[in-house]
Amino acid sequence: MPAPGENLKINPDRLWDSLMEMAKIGPGVAGGNNRQTLTDEDAEGRALFQKWCEDAGCTMGLDQMGNMFARREGTDPEALPVYVGSHLDTQPTGGKYDGVLGVLGGLEIIHTLNDLGIKTKHPIVVTNFTNEEGTRYAPAMLSSGVFAGIHTQDWAYARVDAAGKTFGDELTRIGWRGEEEVGARKMHAFFELHIEQGPILEIEGRDIGVVTHGQGLSWTQVTVTGKDSHTGSTPMPMRRNAGLGMARILEKVDEIAWSHKPHAVGAAGHIDVYPNSRNVIPGKVVFTVDFRSPELNVIEDMEARLRVEGQKIADDMGLEVAFEKVGGFDPVAFDAGCVAAVRAAAERLGYSHMDLISGAGHDACWINRVAPTAMVMCPCVDGLSHNEAEEISKDWAMAGADVLLHAVVETAEVVG
C-alpha cells in the first residue's frame, strides 16, 4: 500500500491546546493532575473527550468496563478498524501527559484527516481504556486486561478501593458503564503513543522511540513477621526486628537485579510497617517487590532467588517470612509489521529514532494478545513520570503524534 506523503502532519498547536484543556480537569497541587479512575473528575474528563470526538464526526461506543471507542468510518464497511489510544486516568500525583497524550494524539489524527479530506479504507477508532494506572483499583491495565481475556469482568467489578467501594459500583455511579460486551470488538491493528517515562530518549537525543518489546513484570508481596517490642528497653540480642529483615531483603533485591544488567530492574515501592510507631520495633512489615525484565527466564530467576535468599535472611534472624505473587505479566514482543510501520514513519518524516524496550506496563501489552500492536514513544524531561513535575515539549508531542499519524494511516490505507 502507498505510504503517506512526508508533508502529512498533525496540528501541534491544536494537540497541545487539547492537552492543556484536559489538564484543567482534576488538577493536582503542583501543576499536574489527580484524575483517578472512576472519580467524578474521571467522569468529567470522559465527557469532554466524548464531546470533542462527536464534534469531529465520530460515533462513541462504550463497553461494560467503561472503555470508550470513538469511531471514524472507513470506506469499506467490512474492513476491521485500526485502533489507537491509551488512557485518561492518572496517578494521585500524576502528570498531564502519561496516557493522555496517546488518547488526544489519536483524536488529533481524526482532526487532521478531516482537515485534509482524507478517507481510509479501514475505520479508525480512538480508545480510552478504563483504569490503566491501577492506583485506585489494582491491578494496572485492568480494563484492557478484561478486553484481552486476561481477567474476568466479574473479578474486575469486585476490585475494592481503599474506602471499600467496588469497581463495578463506582463505574455505574459515575454513569460510564456501557452495554457493549467487553472484548467483542475485533481489531485490524492497535497503536499506542506514550511518553517514555524513562530517560533514554532524552539522553540519546532521539525524537522517537520505536518500541519493540515491553518488559515483563513480577510483583511478589513479602510479609516479614518478628515481634513488636520497645525500641529503648529491648536488648539488641533479644530483638526480632521485622524492619531490619526487610532492609536486608531489599538489599538482596537490588543485588539480584544488578546481576541481570543492563535491562533487569528491581525495587519495592509499596511498604507497610506495623505498628509504625517511633518507639516500637516493627513486628511486621509487608512490602511488594517489583522485578522487571524483557526476558522471561530472567524474571523467573529473580523470583526464585528472592524466595530462597529472603528465606535464608529470615531464618538467620529468627523471623518468619511469607511470599505471595500478587501480579505480573510475561514480556511482550510487539507485532513486527506494526513496529516496522512506526519505524518507517519516523524515517520518512526525518525524526531521529531508536528501538526501545518499554520499562512500564501499558494497555498495548494486553491488546497485543488479541491484535497486531505497536507503540510509539516520545521523550519526557529527565525521564520523570508518575509525578506532577512530568513534562514534555510541544515539539516532542508533535513528533510522536506525527509518527503515530503515519503509522495509523498507512495501516488504515488511504483511499483515492
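The model is predicted, so local features need pLDDT of at least 70, side-chain atom pairs count only at pLDDT 80 or more, and totals for chains, interfaces and linings use all residues. Residues are numbered from 1 along each chain as its sequence is written, and side-chain values use heavy atoms, leaving out hydrogens and water.

**The cores**

Let's start inside. A nonpolar core here is a set of buried Ala, Val, Leu, Ile, Met, Phe, Trp, Tyr and Cys residues joined through side-chain atoms within 4.5 Å. Buried means under 20% relative accessible area, exposed over 50%, and partly exposed in between, using a 1.4 Å probe and protein chains only. The largest such core has 97 residues, and Met22, Phe49, Leu101, Leu104, Phe191, Ile392 and Val403 have the most contacts inside it. Its largest share, eleven residues, comes from helix H12 (residues 394–412); helices (H or I, at least four residues) and strands (E, at least two) are DSSP runs numbered from the N terminus. A second, separate core has 21 residues, including Val222, Val224, Val289 and Ile313.

**Helix H8**

Helix H8 covers residues 242–258 and reaches 25 Å from its first C-alpha to its last, close to the expected 24 Å (1.5 Å times one less than its number of residues). Its buried residues include Met246, Ile249, Val253 and Ile256. Seen down the axis, the buried residues fall within an arc of 150°, so they line one face of H8; the arc is taken from the directions from the helix axis to the C-beta atoms. On the face turned away, Glu251 and Trp258 are exposed. These elements are among those covering the buried residues of H8:

| Element | Residues |
|---|---|
| strand E8 | 216–225 |
| strand E10 | 265–274 |
| strand E12 | 284–293 |
| helix H9 | 296–317 |
| strand E13 | 320–329 |

UniProt, in an unreviewed entry, places "domain: Peptidase M20 dimerisation" at residues 215–306; such annotations may be inferred rather than shown by experiment. Over residues 215–306 the chain is 30% helix and 37% strand.

**Asp63**

Now for the aspartate. Asp63 sits in the loop between strand E1 (59–62) and strand E2 (68–72), and is buried, with a relative accessible area of 0%. Not counting residues up to four places away in sequence, Asp63 touches Phe69, Phe147, Trp176, Arg177, Gly178, Glu180, Glu181 and Val182, where contact means heavy atoms within 4.5 Å. A polar atom of the Asp63 side chain lies 2.9 Å from the backbone nitrogen of Met65.

How values were computed:
A polar contact is a pair of N or O atoms within 3.5 Å; within protein, one must be able to donate a hydrogen and the other to accept it, and residues adjacent in sequence count only if both atoms are side-chain atoms.
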